[in-house]
Amino acid sequence: MRGWDIFEGQPYLAFPSLLLPHSSKGRYMSSDSLKGKVAIVTGGGTLFGAAVAKTLINDGAKVMIVEINTESGSAAAKACGATFFHGDVTDDSSISKLVESVISSWGRVDILVNLACSYDDSGADSTRAQWTNTLNVNIASAAILAAAVRPYMAKQGGGSIINLTSISSSVAQTGRWIYPVSKAALVQLTRNMAMDYAGDKIRVNSVSPGWTWSAIMDMLSKGDRKKTDRVAAPFHLTGRVGDPEEVANVISFLASDKASVVTGADWAADGGYSAMGPEQAVPAIPLLEA
Ligand SMILES: NC(=O)c1ccc[n+]([C@@H]2O[C@H](COP(=O)([O-])OP(=O)(O)OC[C@H]3O[C@@H](n4cnc5c(N)ncnc54)[C@H](O)[C@@H]3O)[C@@H](O)[C@H]2O)c1
């Protein structure tokens with residue numbers, strides 16, 4: 001089995017113990033930068049999404065987590081003080097009900113974080129069903145959700161949409177075709193959205209994490225953070241994987257009025273992964289002399 005095959009079908013969703021927010025080393029830095037704002041976080045049921053929800057709450061927002069997995073979604077919402085909505089981002093009626101629920105609860109929506117994803121990808125052997133389903137979750141749903149919140153944001157005088165992309169959007173990774181393509185498309189979709197929503201004062205940005213301590217890393221390494229950092233060290237300038245809260249801080253910034261001049265951008269939150277070239281952080285020229 002190849003390393004990434006484990007992503008297929010997201011088997012770790014069967015391990016509820018992995019779904020609770022990871023206690024990180026004090027990386028939650030509360031502020032009131034999102035005070036009075038209302039946010040939707042899709043796919044908030046696992047480590048990463050729950051950390052994003054918690055960070056937005058710590059910064060003053062009210063958050064609705066949308067999650068297809070009832071058990072993980074309700075547990076994550078309870079743990080971080082969010083409201084849980086059981087929904088499927090590929091289902092248009094579910095999206096309508098979600099937006100109705102947010103508006104009837106809080107009367108507004110200021111922030112949309114498109115984080116739900118599918119990793120289902122068999123590389124060169126991918127089936128048409130895998131292509132269709134993964135692109136549907138990762139790209140089409142982000143566009144349809146954005147369209148659903150747009151009229152409310154426009155009426156309020158603006159909003160902020162953040163799409164979770166990835167370092168996978170710009171490099172080739174063995175055995176993976178669909179997921180990286182979906183994330184590359186989402187980087188482009190971010191620009192398109194930013195262009196067409198600018199008139200409504202809706203800013204749209206993407207955040208591209210590097211390897212981040214998440215449910216899948218927790219499961220693959222059997223909870224061994226040190227080992228995960230060791231494996232990631234050669235291709236992250238920081239010498240470790242990121243914490244989800246560190247990525248969440250970037251998302252929170254982009255969601256806030258502090259980022260008022262930022263739109264249509266892809267923000268690297270990747271520990272320097274994308275800055276590093278094929279020579280990695282190893283002096284290669286001296287090897288010629290050795
Ligand atoms: N984990 C990493 O290292 C990493 C690196 C780069 C980018 N990312 C991105 O960060 C985000 C979170 O990644 P993760 O590893 O935590 O993923 P994850 O699979 O743990 O979480 C995704 C969540 O989305 C939910 N979901 C899937 N389909 C859904 C649907 N149709 N409707 C509603 N919810 C649905 C899943 O149930 C799951 O809880 C993703 O967008 C991913 O592409 C992650």
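Predicted model: local features only at pLDDT ≥ 70, side-chain atom pairs only at ≥ 80, totals over all residues.
Residues are numbered from 1 along each chain as its sequence is written, and side-chain values use heavy atoms, with hydrogens and water left out.

I took helices (H or I, at least four residues) and strands (E, at least two) as DSSP runs, numbered from the N terminus. H5 covers residues 178–197, and its 20 residues reach 27 Å from first C-alpha to last, close to the 28 Å expected at 1.5 Å a residue; the expected span is 1.5 Å times one less than the number of residues.

From S7 I picked Ala268. Ala268 counts as partly exposed because its relative accessibility is 47%. Leaving aside neighbours within four places in sequence, I found Ala268 in contact (heavy atoms within 4.5 Å) with Ser208 and Ser274. I also checked Ala268 against Ser74: they are 194 residues apart in sequence and 30 Å apart in space, C-alpha to C-alpha.

Next I turned to helix H7 (residues 225–232), where Arg225, Thr228, Asp229 and Ala232 are buried. They lie on the same side of H7, because they cover an arc of only 100° around the axis, taken from the directions from the helix axis to the C-beta atoms. An α-helix has 3.6 residues a turn, so residues three or four places apart point the same way. On the face turned away from the buried side I found the exposed residues Lys226 and Arg230. Helix H6 (215–220) is included in what covers the buried residues of H7. At the start of H7, I saw a side-chain oxygen of Asp224 within 3.3 Å of the backbone nitrogen of Lys226.

Last, I looked up the whole protein, which has 9 helices and 7 strands. Buried residues make up 50% of its 290 residues. Its C-alpha trace spans about 65 × 40 × 40 Å along the principal axes.

Definitions and conventions:
Buried < 20%, exposed > 50% of the residue type's maximum accessible area, 1.4 Å probe, protein only. Polar contact = N/O pair within 3.5 Å; in protein donor to acceptor, adjacent residues only side chain to side chain.
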